[in-house]
Amino acid sequence: MKTARLYQLDALRGIAALMVVLFHFLYNYDLKYGHAFAVPDWLHLGETGVHLFFIISGFVIFWTLNRSARPMDFVFSRFSRLYPPFWVAMIVTFAFVSLAGPEDRAVSWETFLVNATMFHEFVGYAHVDGVYWTLSIELAFYILAFAAMVCGLLRFTDYICIGWLAASYAHVLTGVDVGVLEQALLLQYNLLFVAGISFYRFWSGQARAFPVVCVVAAVILSYLRFPVDTAIAITIWISLFALVIVGRLQWLNQRALVWLGSISYSLYLIHQNIGYGIIEWGYAIGLSPLFNIGLALAVSFAGAQAITSFVEKPALTALRGWYKARKARNNFTPAPELERS
């Protein structure tokens, strides 16, 4: 099994994060509040950076599952990775919006506290920051992956992926309302996770034919599930991912892209509402749109770097160190002479 880090994935994360940030500061801000200049409609494709994140997640989560000796290892790995930076970004965002706006994005203390669980959308609460909707999708995927691990189904991954895609094909072709099952089975986005899982299976040498079939089926499904321009963007992401796992995109190992990838999670969490507030403030005092957006970008990058350096990395090291030490203590087997004493 391969264990070497794919730095091109960090670069792809960086590209995805930058696309989402520009989508929000340009296209989405104009849609919701209005810029003082014309924003090209094609910039809505920046939102497909989220689709790339989901493909990467499929790959990384199954890599994590294959390195987890037991289900709790997987749970703790995800908790230590996601929650500390999320909590800090959520506190900063809540405080900023409450004090500086935008007013339409402020939420109550109750909503803030429920958001801390990251399961808030499942119980009907609004997001402290709109970007958190993807965290709900990610958590649902983690739950499905965890269930597969607990039930000993990971050895049937290829067949599960084919069945999962078949369910999505049936849903989109028949148009039958399956209610909560659509959300529970992630039928809107499962093709992206399946593509990532299949790439991991192929890259790790666990399988060859089934992953190729699944990726082709996922690409075809994207044209049934999404608008054509979005499906084309997804096809491009999947094609780039395929080139990465066969070692054809070494040039992606650019320092700037890898750096963006390293702060991508914190950047994603911190940028939207705070960025909107900065742009709105800039317009209110008569600053140029270019300056407003540039300032929002600068603050977002600085905030993301600070959270990554002072929260995400230290917390990850400390929590996983504690967990490793705890496992070592629990797995300690006394020597025979100690057992007799």
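The largest pocket is lined by 41 residues, and Arg13, Val60, Arg78, Arg81 and Arg320 are the ones that lie nearest its centre. A pocket here is an open set of points on a 1 Å grid over the protein atoms alone, with protein on both sides within 12 Å along at least five of seven lines, and lining residues have an atom within 4 Å of a point. This is a predicted model, in which local features need pLDDT of at least 70 and side-chain atom pairs count only at pLDDT 80 or more, while totals for chains, interfaces and linings use all residues. Residues are numbered from 1 along each chain as its sequence is written, and side-chain values use heavy atoms, with hydrogens and water left out.

Back to that pocket: its volume is about 1200 Å³, where a volume is the space filled by probe spheres set on the points, and points are joined across faces, edges and corners. Which helices supply at least two residues each of the lining of the largest pocket? They are α1, α2, α3 (71-100), α5 (133-150), α11 (255-262), α12 (264-284) and α13 (289-330). Helices are DSSP runs (H or I, at least four residues), numbered from the N terminus. The top contributor is α2, with 10 residues. By class, the lining of the largest pocket splits into 18 nonpolar, 10 polar and 13 charged residues.

Helix α1 (residues 7-32) and helix α2 (residues 49-67) meet at an angle of about 150°, with their axes 8 Å apart. The axes are lines fitted to C-alpha atoms over the stretch in contact, and angles run from 0 to 180 degrees between N-to-C directions. So α1 and α2 are roughly antiparallel to each other, the label for angles over 145 degrees, whereas those under 35 degrees count as roughly parallel. Their crossing is left-handed, meaning that the near helix is turned anticlockwise from the far one by less than a right angle; clockwise would be right-handed. In the contact (heavy atoms within 4.5 Å), the α1 side includes Leu9, Leu12, Arg13 and Val20, and the α2 side includes Gly49, Phe53, Ile56 and Val60. The contact of α1 with α2 has 12 nonpolar, 1 polar and 1 charged residues.

The lining of the second largest pocket comes to 11 nonpolar, 3 polar and 2 charged residues.

Now for the cavity, a set of points where a 1.4 Å probe fits but cannot get out. The count comes to 1 cavity of 30 Å³ or more, and the largest cavity has a volume of about 40 Å³. Its lining is Thr93, Phe94, Val97, Ser98, Arg105, Ala106, Val107, Val128 and Asn273, and the largest share, 4 residues, comes from α3.

Most residues other than glycine have a negative phi, and most peptide bonds are trans. Gly101 and Pro102, however, are joined by a cis peptide bond, with omega about 0°, and Pro102 is in the loop between α3 and α4 (109-115). Met118 has a positive phi of about 70° although it is not a glycine, and this residue is found in the loop between α4 and α5.

Helix α8 (residues 190-203) and helix α10 (residues 228-245) pack at about 15°, with axes 10 Å apart, which makes α8 roughly parallel to α10. The contact, which includes Phe199 and Trp203 of α8 and Phe241 of α10, has 11 nonpolar, no polar and no charged residues. Helix α9 (residues 209-225) packs with α10 at about 160°, with axes 8 Å apart, so α9 is roughly antiparallel to α10. Both Ile234 and Ile238 of α10 take part in the contact with α9 and in the one with α8.

Technical notes:
Angles under 35 degrees count as roughly parallel, over 145 as roughly antiparallel, 65 to 115 as roughly perpendicular and the rest as oblique. Ala, Val, Leu, Ile, Met, Phe, Trp, Tyr, Cys and Pro count as nonpolar, Asp, Glu, Lys and Arg as charged, and the others, Gly among them, as polar.
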